[in-house]
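Here is a friendly note for anyone opening this entry for the first time. Please keep the 3D view at hand while you read.

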Amino acid sequence: MSCDAFNRMASAYLDGELTAEDRRRFEAHLETCDACRRELADLKRLTEDLDMIRFKEPGDEELARYWSGVYNRLERGLGWILFSVGAILTLCYGAFKVIEELIRDDTVSNLLKVGVCALIAGLVVLFVSLLRERLVVCKVDRYSKEIER
Amino acid sequence: MDETESVLIQRCQAGEKEAFEPIVRKYAGRATGAAAVLLGCPQEAQDASQEAFVRAWRHIQRFRPDAPFYPWYSAILRNICRSRLRRRSRRPTVSLPDGYALPSNDSDPVFLAEQNERRRCLFQAILALQPMFREILLMKHFQEMSYKEMAEALDIPIGTVMSRLHNARLALREALAKDES
Ligand SMILES: [Zn+2]
């Protein structure tokens with residue numbers, strides 16, 4: 001095996017992720033090869049540096065601000081849901097009333113009645129199809145899988 | 001996994017928003033840091049990590065309270081950051097040239113414990129790597145995941161984890177060498 005091939009195992013060696021067999025072969029090669037030993041030492045330094053980095057814990061005030069940011073968005077989400085439900089119910093009720101009045105009203109021509117009914121039926125079909133599309137998109141979103149885990 | 005966290009999660013599942021606060025506070029620091037690495041952009045990090053908490057809350061019913069919260073959360077965060085990166089790349093006018101052009105360090109929010117010049121350089125160099133390398137370095141060095149865990153989380157073979165991580169370290173070393181010269 002070439003030095004290059006051994007070098008490619010260096011990271012996994014440092015991380016303790018080589019199989020016993022590969023590990024033995026890698027170490028046997030190191031015994032005989034200065035270049036690979038140097039390369040390994042170099043990579044080891046970098047890996048150790050990386051392991052030293054830690055994320056800072058925010059202060060109390062920062063955390064309070066952070067939480068209120070999250071909290072506000074949670075509330076807003078609920079707000080949107082309520083708003084949408086309310087808007088849909090109101091619109092449905094309104095449309096129902098309009099149709100009802102229209103059909104009862106004898107002064108309105110039948111053509112207009114049919115027209116308005118078709119218009120509203122069309123809107124409903126479009127809305128349902130849009131809704132279905134959104135739901136399907138949500139389902140096949142390849143990320144929803146990771147949400148579940 | 002500590003018992004208090006699973007109790008908190010159960011209260012969250014019952015709809016108690018107050019129970020979510022200690023969880024958010026506990027992980028806010030590392031979540032924001034992780035988002036900075038994933039996005040390669042400290043400015044957007046807080047917003048993305050908050051969005052991930054909001055999404056976690058919305059899906060809290062699907063979460064098993066006996067499992068640790070953070071790995072679950074970080075999968076959600078990864079997804080959010082990925083789609084933000086995708087959106088960014090679809091809008092070429094606003095996107096940064098891949099891998100470079102971070103604004104001056106001074107204005108950036110501070111993410112690192114125990115700052116020193118060398119670590120800051122290292123962190124800046126990580127942020128300038130390509131997204132795939134940033135992601136795998138984060139998983140290995142900041143989240144201490146094993147190759148097997150990374151392979152499962154990324155849905156790739158272990159051999160790919162091995163080579164991707166190695167290439168990421170080589171790229172990082174090269175970037176640091178370029179900085180020094
Ligand atoms: Zn060699």
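The numbered points below go through this structure topic by topic.

1. A word on the model to begin with: what you are looking at is a predicted model, so please read each value below as computed from its atoms.

2. Start with the make-up of chain A. Its secondary structure consists of seven helices and zero strands, and the pattern along the sequence reads α-α-α-α-α-α-α. Of its 149 residues, 28% count as buried. Among the contacts in chain A with a separation of 6 or more, 38% join residues 24 or more positions apart.

3. Next, the domains. Chain A is split into domain 1 (3–52) and domain 2 (60–140). If you want a distance to keep in mind, the C-alpha centres of these two domains of chain A lie 61 Å apart.

4. For comparison, the ideal angle for four tetrahedral donors is 109.5 degrees.

5. Take B:Cys121, which is in no disulfide: the nearest cysteine sulfur belongs to B:Cys41 and is 19 Å away. B:Cys121 counts as partly exposed because its relative accessibility is 32%. B:Cys12, by contrast, is buried at 1% relative accessibility.

6. Now for the largest nonpolar core, which has 84 residues. The members that touch the most other members are A:Phe26, A:Val70, B:Phe20, B:Phe53, B:Phe69, B:Tyr73 and B:Leu172. Helix 2 (residues 20–39) of chain B gives this core its largest share, 12 residues. Domain 1 (3–52) and domain 2 (60–140) of chain A each supply at least three residues to this core.

7. Leaving aside residues up to four places away in sequence, B:Leu172 touches A:Leu46 and A:Leu50 in chain A, and B:Leu122, B:Ala125, B:Ile126, B:Leu129 and B:Leu137 in chain B.

8. Helix 5 (residues 117–127) of chain B comes next. Its buried residues are B:Arg119, B:Leu122, B:Phe123, B:Gln124, B:Ala125, B:Ile126 and B:Leu127. What covers them includes helix 4 (34–52) of chain A, along with helix 2, helix 6 and helix 8 (158–180) of chain B.

9. Is B:Arg134 buried or exposed? This arginine sits in helix 6 (residues 131–142) of chain B. B:Arg134 counts as buried because its relative accessible area is 3%, under the 20% cut-off. Not counting residues up to four places away in sequence, B:Arg134 touches B:Val37, B:Leu38, B:Leu39, B:Gly40, B:Leu85, B:Ile126, B:Leu127 and B:Leu129.

How values were computed: Residues are numbered from 1 along each chain as its sequence is written. Chains are lettered from A and ligands numbered from 1 in the order in which they are written. This is a predicted model: local features need pLDDT of at least 70, side-chain atom pairs count only at pLDDT 80 or more; totals for chains, interfaces and linings use all residues. Side-chain values use heavy atoms; hydrogens and water are left out. Buried means under 20% relative accessible area, exposed over 50%, partly exposed in between (1.4 Å probe, protein chains only). A disulfide is a pair of cysteine sulfur atoms within 2.5 Å. Domain bounds come from an automatic or database domain assignment. A nonpolar core is a set of buried Ala, Val, Leu, Ile, Met, Phe, Trp, Tyr and Cys residues joined through side-chain atoms within 4.5 Å. Helices (H or I, at least four residues) and strands (E, at least two) are DSSP runs, numbered from the N terminus. Contact means heavy atoms within 4.5 Å.
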